[in-house]
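Please find below a short note on the structure under review. The points run from the overall make-up to single residues.

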Amino acid sequence: MAKKRPQTKATRPQLTDGEIPVVGAREPCPCGSGRRYKACHGRAAAQAATELVHRPFEGLPGECDWVALRELVPAATAELTLKDGLPEGVPSVTLATVLPMAWPALRRDNGSVLLGLQNDTASGDISRDLADTLLRALQAQPGTPVKGRRAPAEGPRLQDLLDPKAPFEPVVHPGFEFWVPDPQSATPDVTASLERANAAAIPTVKLQGVDAAYWCQTPEKNHLRWVMPHPEEQLLDALARLHAAGRSNLGEGTRLVGSFRAHGLTVPVWDLPSGVTADDIEKPAAEFAERLAAALATDAPLTADERRARGGLTNRQVTLS
């Protein structure tokens, strides 16, 4: 009786983690382990996709303005420069705070791309989600919006796609008319979305004399919201020193009322009288920047009054993201 030959399994090529493709959660893992993807390499991918990146715009030119456009400014645009240049048929790439119908991105009829910033993201890394949306917009058919999705965990981030040497220069608009270069060709849905967005937009102006400071007007009073790059603890100490010394305001009737925490940066906020315009606050803001720089350079322990001032500022801090 002939003996059975021992069964041999075909040798499966070994894949590194970076070579393992993304498949459905219940499908066999492509690594060949025999386990489902969600219980094997999909577990690490899911963790990477949901892990919160506290400073998603760190390393990009104009990080503070990225945060402002994401959280504070209703209507603004900024031209983006890609590391590898623009693909053929794409004349420009423009970041926009909001797009009609809350689209993540739009490939216009002329081939240009608009990338929306103030959209919900599927993962904990806004930069990776935006990069994925941008890449898909560059390949979309002209005249079509791009839908949102969860970006692949190993996909590129904005820091991988954008030129780090190119300036980031936001332009604040009074409304969202930049959506429709030709209003006559806008669809009824886009027109209705434009009307709703314009009705809700708070008048906002970017100061010219200091970085990432935005004046805004509300029915009761005006405000200055200033995104600052300094480490939070050091900045709060400096603000406390100035506050305790009565030097934290921006002129008569103005008051430092607290701060936001957004995407790893701190955003001090001042209340301004209704009659104080953006032009009025330019010089006081520049003078405050000088006082703040001196306070940031001080490393002496806080006095009792300064500690009380710091406690008050901390208690009035709100986290946006």
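1. The protein's secondary structure consists of 8 helices and 12 strands, where helices (H or I, at least four residues) and strands (E, at least two) are DSSP runs numbered from the N terminus. The model is predicted: local features need pLDDT of at least 70, side-chain atom pairs count only at pLDDT 80 or more, and totals for chains, interfaces and linings use all residues. Residues are numbered from 1 along each chain as its sequence is written, and side-chain values use heavy atoms, with hydrogens and water left out.

2. Of the 321 residues in the protein, 45% are buried; buried means under 20% relative accessible area, exposed over 50%, and partly exposed in between (1.4 Å probe, protein chains only). Among contacts (heavy atoms within 4.5 Å) with a separation of 6 or more, 61% join residues 24 or more positions apart.

3. The largest nonpolar core holds 41 residues, of which W66, L134 and V227 touch the most other members. Such a core is a set of buried Ala, Val, Leu, Ile, Met, Phe, Trp, Tyr and Cys residues joined through side-chain atoms within 4.5 Å. At least two residues each come from several elements, including α2 (63–71), β1 (76–79), β10 (255–262) and β11 (265–272). The largest share, 6 residues, is supplied by α3. Because domain 1 (63–172) and domain 2 (204–319) both contribute residues, this core lies between them; the domain bounds come from an automatic or database domain assignment.

4. Leaving aside residues up to four places away in sequence, W66 touches F57, L60, P61, L80, L95, L117, L158, L162 and F168. Another core, of 24 residues, lies apart from the largest one and includes A213, W215, L292 and L296.

5. Helix α5 (residues 188–200) has 13 residues and should span 18 Å at 1.5 Å a residue; its end C-alpha atoms are 19 Å apart, which agrees. The expected span is 1.5 Å times one less than the number of residues. The buried residues of α5 are V190, S193, L194 and A197. Seen down the axis, these fall within an arc of 105°, so they line one face of the helix; the arc is that of the directions from the helix axis to the C-beta atoms. The face turned away from the buried side of α5 carries the exposed residues P188, E195, R196 and A199.

6. S123, in the loop between β4 and α3, is buried, with a relative accessible area of 12%. The S123 side chain reaches the backbone nitrogen of D125 at 3.1 Å.

How values were computed. Polar contact = N/O pair within 3.5 Å; in protein donor to acceptor, adjacent residues only side chain to side chain.
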